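Let's take a walk along the place where two protein chains meet. Have the sequence and the model open beside you as you read.

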Protein chains: 2
Amino acid sequence: MTPSRVLLFQFYPLLLLPLLLQSVSHKIPRLSPHNKEALILRNPDDVISTSAISKDFKTHFYSQTLDHFNYAPQSYATFRQRYVVNSKYWGGPTSNSPIFAYLGAEAPLDEDQEVIGFLNDNAPHFKSLSVYIEHRFYGKSVPFGKMEDAMKNATLRGYFSSAQAIADYAEILLHVKHKFAAHYSPIIVVGGSYGGKLASWFRLKYPHIALGALASSAPVLYFDNITPQNGYYSIVTKDFEEVSKNCYQTIKNSWAEIDKVASKPKGLSILSQRFKTCSHLNNSDELKDFLDTMYSVAAQYNHPPTYPVTVVCKGIDGAPAGTDVIGRIFAGVVSYRGNRTCYDTNAYNYPSETSVGWEWQTCSEIVIPIGRGENDTMFPAAPFDLHEFAKSCKDFYGVPPRPHWITTYYGGHDIKLVLNRFGSNIIFSNGLRDPYSSGGVLEDLSESIVAVTTPKGSHCLDILYSAKTDPDWLILQRKREIEIIEGWLKTYYSDLQALKR
Amino acid sequence: MTPSRVLLFQFYPLLLLPLLLQSVSHKIPRLSPHNKEALILRNPDDVISTSAISKDFKTHFYSQTLDHFNYAPQSYATFRQRYVVNSKYWGGPTSNSPIFAYLGAEAPLDEDQEVIGFLNDNAPHFKSLSVYIEHRFYGKSVPFGKMEDAMKNATLRGYFSSAQAIADYAEILLHVKHKFAAHYSPIIVVGGSYGGKLASWFRLKYPHIALGALASSAPVLYFDNITPQNGYYSIVTKDFEEVSKNCYQTIKNSWAEIDKVASKPKGLSILSQRFKTCSHLNNSDELKDFLDTMYSVAAQYNHPPTYPVTVVCKGIDGAPAGTDVIGRIFAGVVSYRGNRTCYDTNAYNYPSETSVGWEWQTCSEIVIPIGRGENDTMFPAAPFDLHEFAKSCKDFYGVPPRPHWITTYYGGHDIKLVLNRFGSNIIFSNGLRDPYSSGGVLEDLSESIVAVTTPKGSHCLDILYSAKTDPDWLILQRKREIEIIEGWLKTYYSDLQALKR
């Protein structure tokens with residue numbers, strides 16, 4: 001493992017893709033709105049409405065075109081794509097009630113249905129139809145069978161891209177409108193993280209299908225050197241520093257300490273023992289990667305009411321006086337992950353559909369250049385080297401990434417200059433404690449392409465189900481988003497009225 | 001040949017694609033800004049500047065990605081795509097002078113360079129760079145060799161689509177900007193007919209690359225039943241009727257007369273003789289198709305100063321008193337096509353790269369449902385039957401068309417409702433005598449997505465080179481377009497200034 005390797009909270013495809021683990025030196029952090037690991041401090045009982053609503057979900061499958069942009073015979077193949085509808089509160093077509101559509105991202109849809117509450121929570125108010133659509137190649141929407149098989153097939157894998165995915169959404173949404181006779185029902189697309197990018201891109205590319213987009217925690221600017229490489233880890237660092245200078249400093253010092261111990265005779269045994277690792281450490285990077293990811297997950301999913309960063313720092317700072325740096329770091333682990341007989345340093349590395357799919361996406365199209373310089377974060381340096389990254393992707397997948405295509409197709413450079421007078425109706429929402437907010441849109445681009453930020457917020461909080469424990473600032477954030485969307489709808493209905501006259 | 005067959009001024013691929021001629025019952029009119037046949041009445045000496053400027057064209061080739069939306073190994077293949085630059089008047093990057101880019105359509109670029117004068121005519125005024133880009137699969141931009149071979153290959157043909165074409169333009173324009181160090185130079189895209197659609201779609205899909213679009217004679221609404229089927233032929237009919245009621249009535253009566261003569265013993269010989277056809281007619285449809293196309297070409301390219309429709313009608317109406325209907329129609333042919341020893345009824349049918357390529361485009365993606373009902377035009381009925389059309393395309397190419405994809409990807413339905421508050425900086429220009437204006441945008445959609453129409457104009461006149469014989473209304477149309485574009489640029493430069501401050 002090279003020293004420049006940045007391991008995040010990606011679930012590594014250790015089992016499925018063993019070669020990649022060796023060859024790709026940079027991992028791109030996952031962009032999901034939620035993270036099971038991150039939810040370990042969250043009490044599901046806090047959620048107000050999930051179970052009451054989920055029984056109203058109806059699952060459908062759409063016969064989806066494999067390739068929307070190609071007319072070769074093989075492009076006409078179709079696969080079953082899953083979408084889920086809740087029509088319990090739907091006001092019906094005569095009232096032109098709105099449709100809220102969640103654009104699935106790099107995960108099976110089931111996971112999203114359980115946590116993305118924005119649509120259902122607001123359905124009674126808007127009398128809206130709630131539609132959740134699964135992203136191609138995840139969950140039950142893998143073309144022609146199993147994800148594992150699909151991902152092994154270089155030709156089939158080629159169809160796995162964001163442009164195809166939003167074209168899928170376009171087709172399904174027109175299909176749903178037709179099915180519900182909802183020709184003039186405005187559609188608002190909602191997405192979080194990578195799905196938030198998809199939502200904003202969808203509004204820009206398909207304004208005739210979606211009236212507006214709520215793009216939660218969408219780092220649309222973390223491409224092609226628009227955002228400084230170290231944006232992500234700078235915010236992780238800041239999150240810790242703001243909670244406790246001492247905690248931050250301890251973490252910053254810890255890497256050298258770990259290396260020092262590791263270099264001693266039987267150093268790895270000492271480390272394994274002190275960190276109570278479930279299996280013996282083979283090298284110090286295993287431990288450092290685990291810690292690195294743990295801090296990042298804590299920062300990205302720094303949810304109320306527990307605030308994981310605070311929990312980690314409580315452990316580090318609260319260790320008995322005289323505890324050394326290693327001991328304090330371990331206390332942070334215990335505080336965050338609970339008292340266990342042993343700690344699995346691979347906890348963040350187990351492969352999943354998401355990790356396998358996301359690995360490909362970030363190695364082909366969604367190239368996010370995240371890196372770290374010397375001393376610009378609390379982590380060891382790990383600069384992003386595009387050349388090296390491209391090489392490792394090519395070695396593994398046989399094709400290189402296209403790092404400039406995202407900005408060619410969707411834009412991003414000089415975004416204010418471009419969108420100040422083009423487009424409309426996008427909310428970019430960000431919590432400023434979310435490391436991915438470094439690549440987000442944090443200021444209004446125009447009157448109707450606006451930024452909604454919360455200084456204490458983390459990743460995608462606004463689109464999760466409301467919870468009893470939600471702080472006021474989160475309640476207000478959602479309220480503001482609803483008001484903006486109501487404004488879009490009001491204008492739309494009055495335009496519709498005027499044109500029909 | 002079925003009675004519903006609509007033959008237009010498509011150059012039929014008689015030689016290359018003999019089967020198709022038998023099987024496709026509807027031909028989609030060509031959408032080129034110019035038509036060699038149509039220029040037979042135009043005097044090249046009238047053009048003010050062509051030859052003086054064309055020597056400044058420099059040809060380049062860009063290594064273009066075969067498939068922008070797919071990541072299979074075969075998608076990474078590249079082909080040489082031609083583009084041509086005239087930098088004679090270019091003000092350079094320090095002044096952020098604009099770039100005017102002509103988006104090539106269904107023809108080799110050479111043809112366009114000769115006639116599309118809008119860029120060069122205005123270059124001295126704007127100090128602009130002129131860039132002409134060839135559409136993939138035409139001219140010198142056919143992937144991997146000859147057009148004929150490419151079109152026979154069902155897999156290769158699959159890459160021949162509009163979405164790929166505008167993605168090509170995006171890559172080349174970014175490349176040109178980079179090459180000329182013109183990062184902040186605004187790009188205005190210009191296109192005519194199908195190329196005009198591409199220009200408007202380009203502005204909508206790639207606003208970060210083009211600041212604005214001049215979409216000349218772009219029937220963006222002639223899809224998916226947005227425009228009535230008979231829109232095209234209604235205007236052809238109106239054009240003739242407005243020039244002469246008598247001429248219109250003679251043409252209207254002629255079809256039955258032709259059929260009557262044809263049904264006589266030796267009727268086809270009589271017709272062949274009366275129309276001085278170069279080869280003996282095999283059936284009356286050959287003659288009717290020729291006439292149908294001739295009227296349509298005359299109407300679509302009803303250019304000043306000669307006005308072909310007037311020329312045809314002069315022949316028809318000016319025949320000596322007592323001339324029968326057949327004789328008058330023939331007089332119209334002579335008047336329009338000149339005094340010849342014989343008349344080739346296949347004149348509009350000879351295959352060309354354009355006809356072969358356009359045939360595929362209209363049979364896969366650009367499905368334009370043009371038809372005629374009973375008595376709603378001066379032509380025999382020939383309704384468009386999507387089912388039959390799709391079947392014949394499938395029979396010939398092995399894959400069916402995707403008639404709804406264009407509106408799914410680019411929109412079109414309820415265009416005012418959608419674009420009134422989305423997007424900016426598009427001019428839809430139309431001459432109202434152009435039959436394709438029936439599918440054009442003829443009213444302002446918003447403050448900056450505007451329609452510029454001329455009641456006497458025909459297809460794409462505004463983007464041709466200025467000519468000494470240009471009537472005032474054409475001069476004024478161009479002037480208005482220039483003023484609008486100047487407005488876009490002014491706003492852009494002031495936005496740029498404000499953001500840099």
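**Where chain A meets chain B**

The side chains of A:Asp495 and B:Arg421 join in a salt bridge, at 2.5 Å from N to O (a salt bridge is a side-chain nitrogen of Lys or Arg within 4 Å of a carboxyl oxygen of Asp or Glu). Between chain A and chain B the count is two salt bridges. This is a predicted model, in which local features need pLDDT of at least 70 and side-chain atom pairs count only at pLDDT 80 or more, while totals for chains, interfaces and linings use all residues. Side-chain values use heavy atoms, without hydrogens and water, residues are numbered from 1 along each chain as its sequence is written, and chains are lettered from A and ligands numbered from 1 in the order in which they are written.

Now step back to the whole contact (heavy atoms within 4.5 Å). Chain A brings 57 residues to it and chain B 57 residues. About 4,900 Å² is buried between the two chains, with 61% of that area from carbon and sulfur atoms; buried area is the accessible area (1.4 Å probe) lost on putting two parts together, summed over both. A:Tyr71, A:Arg402 and A:Phe422 supply 17% of the area that chain A buries against chain B, more than any other three residues.

Finally, look at B:Arg203, which lies in helix 8 (residues 194-205) of chain B; helices are DSSP runs (H or I, at least four residues), numbered from the N terminus. B:Arg203 touches residues of both chains, including A:Arg421, A:Phe422 and B:Ser424.

How values were computed: Helices (H or I, at least four residues) and strands (E, at least two) are DSSP runs, numbered from the N terminus. Lists of a residue's contacts leave out its neighbours within four places in sequence.
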